[in-house]
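Here are some friendly notes to read alongside the model.

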Amino acid sequence: MGYFTSLIQRKFKDVAGTRYDTVMKEYREFLLTEEERKVPEVRSILMPLDYFVKEVPSVLYDTLSSYEGATVSLVYIIDLEVIRIVEDSLNADTVAEFKRKREAYGEEILRKTTADLERAGLPVKSRMFSGSKFENIAEVAESHDLIAVSKKYAASLTEVAAVSPVTLRLAQTVAKPIIIY
Amino acid sequence: MLYTELLAIAVFLITYALIIDERIHRAVAAMAGAAVIVFTQIVPWEKIPEYLDLGTIFLLMGMMIIVNTARKSGLFEYIAIRTAKLANGSPIKVLILFSIVTAVVSAFLDNVTTVLLLTPMLLYIAKLMKLNPVPFLLSEIFASNVGGAATLIGDPPNIMIASASGLTFNDFLMTMGPIVLVDMVIMLGMLYLIYGKGLRVRPEEQQKIVQTIGALDERAAILDRSLFTKSVVTILLVVFLFFIHSSLGLEPAIIALTGAAIILLWSRVQPDEILERIEWPALFFFGGLFIIVGALVETGLISQIAGFVISHVHTTGEAMILIAWFAAIASAIVDNIPLTATLIPLIQDMGMAMDIKPLWWALSLGACLGGNGTAIAASANVVVIGIAEREGISISFMEFLKMGMLILFVTVGVGVGMLLLFFGW
């Protein structure tokens, strides 16, 4: 460090003291960082759905439509573990009825969401399968640029938990930008 | 030469050297120097109140309380965002508007707080525009030093001069105001000519900048709406009272302390929180300097130098030119505060041989605008360069010197010319 630089630093410390740190802390409250200012390039959006997601707010369609040209992958998952428990405890006819009802619900929400997304100008691919609501989504998320997931995904909300544990875990572990609606 | 004179000179020079180098905090250096002077009784204990300029110290203290209370409301951040929005994404407008706002705020509040609060916003905008931030930072520094020269409360040298001479707020505004106005126009014109070509962004980029800055909510910067209103009202009241302080027969320091009492009483902010934020080291720095310079007066050294100057200077005009240029060039090397503290008794001594009123303006002009000469000449320079360095932007000593000296010579030259027009040769 040259004499001039160290002189400026000494004088700065004496004149500004800790005031600069306070000022910067205050500015950080409302100035976006360089990273925050960058709009990520989004070509594919993953949108997991399940029995607990009853509706998608229209504001989400507005937000997603700003990613022009991005394809939305709608994935409806029926929890495989739940099916196994049902199979172990109920007779075959009841299990079939359970599956039919879940699939019917899945098809209905996929159809409705696909229509809404297409109206917002976004191309959509949709599929339904049985699997793990966390692991399968985390795996599929790798090939997408953004995840849009409901806070009710995989669990009904309680007063204690405002966001479902699976959604929270996805936000914490998947290294992709995430919109929680 | 007497032992006491030698000791007074040694303490003075060593303290100056310590202030320039700042390996020891300037306040500690001044206090240590003052301690030697008092300990050796060069300035006797009973004479300390005579040299300790309470007018300056209390005025600074009052303004510090007002500014620190107002700062808590988010007033300065609000001003910064509004200015950024007004510039509409144009680099030239950013340079001009921020310079004007800096100059106006510096004219009424202290320069360090002004640049400390405006520089982060200026750097943010320069980053958004992907432009070299150095021209913006230099213009802010120059505007702060030039703007501060306009009023009695704008820069510490003016506060000290007013306290010593009895010149009023309106005297400063009427004499220094026009000079500052002309110098600001010239300074901005020079910066435009030198840096203008590089200050361009493509229209689509400008649109993006406008969008990003437009997204900033100045209302979100207001941390306490009630305190914000009370701060604005108190500052306006204090400025109004400064305008009429001579008619009321009140010292400027009384106005500042009254303003401080009003804002503390009205806002109900915890006083210990605000009083802790008073820049006590700065006040002790001033106190120490007054004693050290008092030693030079007490030993008769200042009178001898004044006598020497008077014998070589024949007219007030010559004295004005000498003081303005000496103060300007010396301020560029030494901090302008100790320099002003030294020159004030010298000018007072010259009062026996000539009309010294024009000399106070020459000192104000030189001491305030001399702050633009080098990177270490004024506190505002150090703060802006220090912030820039922390953000990874380097302004070298030579880079600053080239522009700073150019601005110094032109603005002081114009100022001296105007003073000669006002007061004659």
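1. Let's start with a helix pair in chain B of this predicted model. Helix 6 (residues 91-108) of chain B packs with helix 10 (residues 169-195) of chain B at an angle of about 160°, their axes lying 12 Å apart. Axes here are lines fitted to C-alpha atoms, for helices over the stretch in contact, and angles run from 0 to 180 degrees between N-to-C directions. That angle makes helix 6 of chain B roughly antiparallel to helix 10 of chain B (under 35 degrees counts as roughly parallel, over 145 as roughly antiparallel, 65 to 115 as roughly perpendicular and the rest as oblique). The crossing of these two helices is right-handed, meaning that the near helix is turned clockwise from the far one by less than a right angle.

2. Which residues meet there? From helix 6 of chain B come Ile92(B), Leu95(B), Ile96(B), Ser99(B), Ile100(B), Ala103(B) and Phe108(B), and from helix 10 of chain B come Phe169(B), Met184(B), Leu188(B), Leu191(B) and Tyr192(B). Contact means heavy atoms within 4.5 Å. By class, this contact has 11 nonpolar, 1 polar and no charged residues (Ala, Val, Leu, Ile, Met, Phe, Trp, Tyr, Cys and Pro count as nonpolar, Asp, Glu, Lys and Arg as charged, and the others, Gly among them, as polar).

3. Residues are numbered from 1 along each chain as its sequence is written, and chains are lettered from A and ligands numbered from 1 in the order in which they are written. Because the model is predicted, local features need pLDDT of at least 70 and side-chain atom pairs count only at pLDDT 80 or more, while totals for chains, interfaces and linings use all residues; side-chain values use heavy atoms, with hydrogens and water left out.

4. Helix 10 of chain B also holds Leu181(B). With 61% relative accessibility, Leu181(B) counts as exposed (buried is under 20% relative accessible area, exposed over 50%, partly exposed in between, with a 1.4 Å probe and protein chains only). Between Leu181(B) and Thr315(B) there are 134 residues of sequence separation and 27 Å in space, C-alpha to C-alpha.

5. Another pair to look at is helix 19 (residues 316-333) of chain B with helix 20 (residues 336-350) of chain B, which pack at about 160° with axes 10 Å apart. Helix 19 of chain B is therefore roughly antiparallel to helix 20 of chain B, and their crossing is right-handed. Among the residues in this contact are Ile323(B) and Phe326(B) of helix 19 of chain B, and Leu339(B) and Leu343(B) of helix 20 of chain B. The contact divides into 9 nonpolar, 2 polar and no charged residues.

6. Stepping back, chain B has 23 helices and 0 strands (DSSP runs numbered from the N terminus: helices are H or I of at least four residues, strands E of at least two). Its radius of gyration is 22 Å, which agrees with the value near 22 Å for a compact globule of 425 residues. That radius is taken over C-alpha atoms, and the globule rule is 2.2 Å times the number of residues to the power 0.38. Buried residues make up 60% of chain B.

7. Chain A has 8 helices and 5 strands. Its radius of gyration of 24 Å is well over the 16 Å that the globule rule gives for 181 residues, so chain A is more spread out than a compact globule. The C-alpha trace of chain A spans about 85 × 40 × 30 Å along its principal axes, and 43% of its residues count as buried.
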